[in-house]
Structure formats: C-alpha cells, structure tokens
Amino acid sequence: MLKTIIRFGVVILMLGLHVPELFGQPLAGTDDLGRTIPQNDVVGDPKANRQIAMFYFLWHDVAPARAWDLNEIVSKHPEVLEDFDNPNWGGGALNAGMYYWGQPIYGYYKADEYWVHLRSIQLLTDAGVDLLVIDATNRLTYPKQADVLMKAMEAVRAQGKNPPKIVFYTNTASGETMQEAYDNFYKTGALYRHPECWYYLDGKPLILGISAESKGKPYESFFTYRESQWPTERQKVNGWPWIEFKRPQQVYTNLRGETEIVNVSVAQHPNPSAGMGGSAFYGNLDNWGRSYRNGSRGNPETDIVHGYNVQEQWDFAIKQNTPFIYVTGWNEWIAGKFKSHDKNPEHSWFCDQASPEYSRDIEPSLTANLKDHYYMQLVSNIRKYKGIELNPKLSAAKTISDFIGWADVLPVYQDYTGDTQERNHPGAQTDPVTVYTNKTGRNDFDKMKVARDKNNVYFYAKTITVITPNSGEKWMRLYIDADKNPKTGWKGYDFRVAGGKTLQKYDGKLWKDVQTVKHKVAGNEMMITVPKKSIFKSSGDLSFEFKWSDNMQNDADPLDWYVNGDAAPGGRFNFIVSQ
C-alpha cells in the first residue's frame, strides 16, 4: 500500500515499511539590512511546548476606514496638525474617521479579501505562528471577515501545512461578545463554523475575555478561558497580555501557578492620554515607538527599520522559557481621529497607530522603507524561541535525462498552491471606489526537486496546471545562491536561469549571459540541467540555496515576490540544498 506523509513541507513516500522520516523544510533568507534568519546549527532542534500567538485584526472595512494615509497627509500638509477641521484631513464635513498610518504592501485592503488573507496565512505559517488572536475587544466579532480568514487557513491546511488557528480576544461587554462568537463560530449549526481552525488549550477551544461574565451562559463549559489583561490593570492570574507598558515585560502565570505567557509588541503607548498621535505629531515623548530601547527613544530617522524596540522585548521573552509568547501585532493599520486629549482643541488624537514610528504592524509595508524587515525579524526570533528542524539531505547522486528519473529523488520542496488566482476586490472606501486587481499569476508552483551527478546539477519544478508557453526572461526563472553568501550577487543570488535556457551571472550591476543550458518542459513539469563547473568553484559537496519565480514584475525589488506572479518559496525565502 502506497502511503504519503507530508511533514513541514517535505513529502515522503512509504511502501508499507518503516522509512526514517525526513524532517523539515527550513527556509533560508536575508533581509535588506543583511540580517540572515538562523538555522538549526544556531537555534537547535524544535523545542516542546513553545507556541506563538499573533494579534490579528479584521476591522479594516467595518470601522469603516478610508484610504486616508496619515503619513502622506501630514507630510504634504503639516498644517492639518493645528486644525482639526482642515479640509486636507480628507474627512469631509466630519473630519473624523479611521486613518491608515501607512500603506500595506497589498494596498489599503479590506478585511474580507481572501487574496490578502491567504498570503498572510502563508507568511505566518512559514514564520511558525500557532494561533491568531482576533481583536474582538471592542465588542465586534467580524463574522464574515473571520469566515474568509478561516477559509484561507483551511486552504493552507489542505496542502499538508500547519497554519495558525483562531482565538477571539474579548473585553468590552465580554460576556455578550463571547456569546456572539459562540453563536457564530462554535456551536453546532453555526453559520461560520470551522472546527479545524479552533485553537485548543486544556482540551477545549480557547477564548480570551472576562471569564466571570460566562457564568450561567450556554457556552460556559464549552471554552477554556484566559483573562483579558490590560496594561493599566493589576496583573491577573490567568491573564493574557496584548501589550505591556513595563520594561522588562511582566510574565503571567495560569491558575496552576505555572508561568505561561509574556508579550512582545512593536511599539507601546504607556501614556494613553497622549495616544500615539501625541508622540507622533505633538512632541509628547512619553510613548515608545519602533526605535525605542534602553530607556531612550532612539533616532527614528535611522533606527525605525531595525526593530530595536521589539527586539529588546524578544531578547527578554525568549529567556523566560514560557510556553506562549504573544506578539502585537500583524495588521492593525488604522486608528480613529478624535478631538485631542490635550489642552489644544485643534489637535487631533490617535490612540494605537499614528505614524510609521508610532505604529505596531509587522505585515510588510511600502511606507518609510519598512519593507519586510519586521517580518524577517519575526521569523528569526520565533526560530530562536522554538528551534528548527535540520536541513534535509539530498538523496543519492544520479544522472537525470527525463522526467521519469525524478520519481525517487528526495527531498521534495513544496510550495503553497492556489495563490496565483486573480485579484479583483474593492479596497478601503474611497470616492470613487478603488478596486485592486492583479492578473500576474499564471504558473502555480507545487513541488520542486534537486539532483546531481559528477558533472551537473538538475533542477525540477512541477506546477498545478500545464506550464504556459515560454514568454521570455520573466518566465519560469530559477535563482541560485551558489555560495550562500548574501553579500555577493543580487540580493545574494549569484546566478539565475532566465527564459528556461540562459544561465546568467550577476556582475555587481547587471545580469550577464554566461551560456545556454538544457531544459525540458512537458505538461506541468520542467527541468533544467546546469553544469557544476559553471556555477560552483569546487566539485565537492553541494551547499547552496535556490528559488523559482514566474512572472515577476519588478526585477529590482524582491518585495515583488510577495505580490506578483508566483515564487517558490515566497517572499525573500530560499530553499536550502545540503549534500
């Protein structure tokens, strides 16, 4: 009987007998700051009882938000800061509403867009996030948006991956909100019921809130409870903090007296009356932005991209060896504009987000050169906390001349599928409405392999459907980091094969043709043969990284891999080849 096991993206075929399981598909990657995510030799093997919770937001089209970008408005019209009713705020007669602090990499999207949620779930799965904590603290549970999110989770799970699961964090009218979550998502017959997406703790689905408000309710015995913990409250037993206003952070214990959780957040506002707007726009330095560390606000102009604030917390949190670390946050993006809390009635007040420095989103951004720096930093710290599997080794050397020869080659590098579908969805409210479209997806990578013999290295790619006809250099590209040195080549890539047949080398400024290489395409399979001597200085054991890319739109920017065409693996990640 043929049995297939998928673990961490590596496929193992078993023919009724025990075969040692191959562990992991640990991805490699280096951001534009030169920070390389650590591997097993640095962080060790996976550790038991280590879970990452990520604060996740579904309110972008419910608030409602408009595509008013605070960073752009204040940069172009600084006079708005002294005039609450200034027309350049963009708020019309009310001059109020929800504002973005900057631009997400996917644009000013709405929270009911599957295309965006799917990419977020892929990124968070690769990072090692275990549970997404939905912000329902303001009484709303966002059933339609949560349903779309959980459908994205299910799509990733169906591919053998281990995506995060869902938990609701309630506070305002907690009992009512927990009842609504139970009615919408958990009880038998619920319209948005996705039981495989529930996160379990102590044998029951976990929910966060004020447990006393569950007494006598239909759901009382259904959930495991943890208490909503505000940074301004006295520390609660069983509390789960979504942010901390103390350094170092507090460590929270459960009812059994066990240390359980600690929070890390990108930025904080320990002076809530000033809000993030007070620190971003009006000179109040009580709050802590992305550059804050060692009791100092740092220099936001130079420090913002480095994540010093959150790294200081990560360093402390990892040492506590708690079973949970709670991270704030992924995709909040917006904040309400209100009359200021200070003495000037013309000032505007923004609570949790205000500017690139005084914001706390990790999701990649096109604003203030933030790019994907915070995401890559997240991946590195989760690995330090949880450990990572060893890199799988290549199977025995062999010469491959046709597609049949790939059948027994291991490991199998597996990409996410279903992410080349067309994007066509309205964004945040504008007049007229902006509809985000993307038709660049075509060849959906599924499985990749690498083999070698004495003279050649062979690369294999399988897509979900028949590979499109060769359309030039952007078609089915293969990137190779031959020396595993991110300081050489273009973003670390020393060579690439463009158009399926042209081996190119990066000379420091441009890609230059080296030679023509052999390639074959049949249906949804493709293979490329590259002479060893053309890309490696030594004929010894192979140790390199690679990625596939189809229909990249901006050759100069690796952020393009998050948005356009398809890349395997996604974003800045590479697959690792070890012999």
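User: From which domains does the lining of the largest cavity draw at least three residues each?

Analyst: This is a predicted model, in which local features need pLDDT of at least 70, side-chain atom pairs count only at pLDDT 80 or more, and totals for chains, interfaces and linings use all residues. Residues are numbered from 1 along each chain as its sequence is written, and side-chain values use heavy atoms, with hydrogens and water left out. A cavity is a set of points, on a 1 Å grid over the protein atoms alone, where a 1.4 Å probe fits but cannot get out; lining residues have an atom within 4 Å of a point. With bounds from an automatic or database domain assignment, the two contributors are domain 1 (41-386) and domain 2 (403-578).

User: Which element gives the most to the lining of the largest cavity?

Analyst: The lining comprises 18 residues, with Gln122, Asp419, Trp561, Gly570 and Gly571 nearest the centre. Two or more residues come from each of α3 (114-127) and β29 (566-568), where helices (H or I, at least four residues) and strands (E, at least two) are DSSP runs numbered from the N terminus. With four residues, the greatest contributor is α3.

User: What is the volume of the second largest cavity?

Analyst: A volume is the space filled by probe spheres set on the grid points, which are joined across faces, edges and corners. For the second largest cavity, the value is about 50 Å³.

Technical notes
1 Å grid on protein atoms, 1.4 Å probe; cavity = no way out; pocket = protein on both sides within 12 Å on 5 of 7 lines; lining within 4 Å.
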